[in-house]
Amino acid sequence: MEPVRFGTEDGVSLEGELRRPETLAVGSAVICHAHPRHGGSKDHPILWALRNELASRGFVVLAFNFRGTMRSAGTYGAGHTETKDVDAAIGRVRRESEGPTIVCGWSFGANVALREALTDERVGALALIGLPIEPADIEIPPTPGPSELRAFARPTLLLAGEGDVYCPRPRLEQLGAAMPNAEVVIVPGTDHFLWRREKEAAETVGSFAERALLGGSGAD
């Protein structure tokens, strides 16, 4: 891992870590973490599994902390100003590879990643894990509506544990049906945190990234 710092357009310094593949890079990836007010940071088992899996498939991976989290400067923006963090992270990781970029988000990070991707043409594909469609006690901006989602034609993976109370299967499938190029994957026997299924979930994301961005079979 290589520690890095990079700045946003509004002058916030963020901390991150680059994970490089052992071979020539084929593309790049950004990983967005869960809710900062609920213990979220770049250092969580599912995000570590994602870093390792994507790097093993040839992607340069940047995991970072949102503003106001750990050693990132700035203050928490309730999911609104955090889109600027994703924008900056995409710019930083794309300096490492000329290949296409996938943005992956988990929970709060999935919400922020989706809203940034809607207007950011640098995002070649999107992987959203545990997108909080029914956020309950989680402070988060609303999920974009069908009219916005229908205009997003880039490949999108929507993944959740079958017991995820924040991302129930029927609602996730409705959201996927509104998107032109989305696939829904439900991981059995786990919940929002994907406990004990982190590697399986990461392999699903890695396979999707290869198929969506590199034209490969995506076989595990």
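Here are some questions and answers about helix packing and pockets in this predicted model.

User: Let's start with α1 and α6. Are those two helices parallel, perpendicular or oblique to each other?

Analyst: Helix α1 covers residues 45-56 and helix α6 covers residues 198-214, and their axes sit 8 Å apart. They pack at an angle of about 40°. Angles under 35 degrees would count as roughly parallel, and 65 to 115 as roughly perpendicular. So α1 and α6 come out as oblique.

User: And is that crossing left-handed or right-handed?

Analyst: This is still the α1 and α6 pair, packed at about 40°. Their crossing is right-handed.

User: Now α2 and α3: how do they lie relative to each other, roughly parallel or roughly perpendicular?

Analyst: Helix α2 spans residues 82-93 and helix α3 spans residues 108-117, with axes 9 Å apart. Their packing angle is about 70°, and 65 to 115 degrees is the range for roughly perpendicular. That makes the α2 and α3 arrangement roughly perpendicular.

User: Which residues of α3 make that contact?

Analyst: From α2, the contact uses Glu82, Thr83, Val86, Asp87 and Ile90. By class, the contact has four nonpolar, one polar and four charged residues. The α3 partners are Phe108, Val112, Arg115 and Glu116.

User: On to pockets. Which residues lie nearest the centre of the largest pocket?

Analyst: The largest pocket has a volume of about 200 Å³. Its lining takes in 15 residues, split by class into five nonpolar, eight polar and two charged. Nearest the centre are Ala34, His35, His38, Ser107 and Phe193.

User: How about the second largest pocket: which helix gives the most to its lining?

Analyst: That pocket has a volume of about 150 Å³. Its lining includes Pro146, Leu149, Arg171, Gln174 and Leu175. Both α4 (146-150) and α5 (169-177) supply at least two residues each. The top contributor, with three residues, is α5.

User: And how many charged residues are in that lining?

Analyst: Among the lining residues are Ile133, Thr143, Pro144, Gly145 and Ala178, along with Arg171. Six are nonpolar and three are polar, and the charged count is one.

Methods
Residues numbered from 1 in each chain as written. Predicted model: local features only at pLDDT ≥ 70, side-chain atom pairs only at ≥ 80, totals over all residues. Heavy atoms only, no water. Axes fitted to C-alpha atoms, helices over the stretch in contact; angles between N-to-C directions. Helix = DSSP H or I, 4+ residues; strand = E, 2+ residues; numbered from the N terminus. Parallel < 35°, antiparallel > 145°, perpendicular 65-115°, else oblique. Left-handed = near helix turned anticlockwise from the far one by under 90°. 1 Å grid on protein atoms, 1.4 Å probe; cavity = no way out; pocket = protein on both sides within 12 Å on 5 of 7 lines; lining within 4 Å. Points joined across faces, edges and corners; volume = space filled by probe spheres on them. Nonpolar A, V, L, I, M, F, W, Y, C, P; charged D, E, K, R; others polar. Contact = heavy atoms within 4.5 Å.
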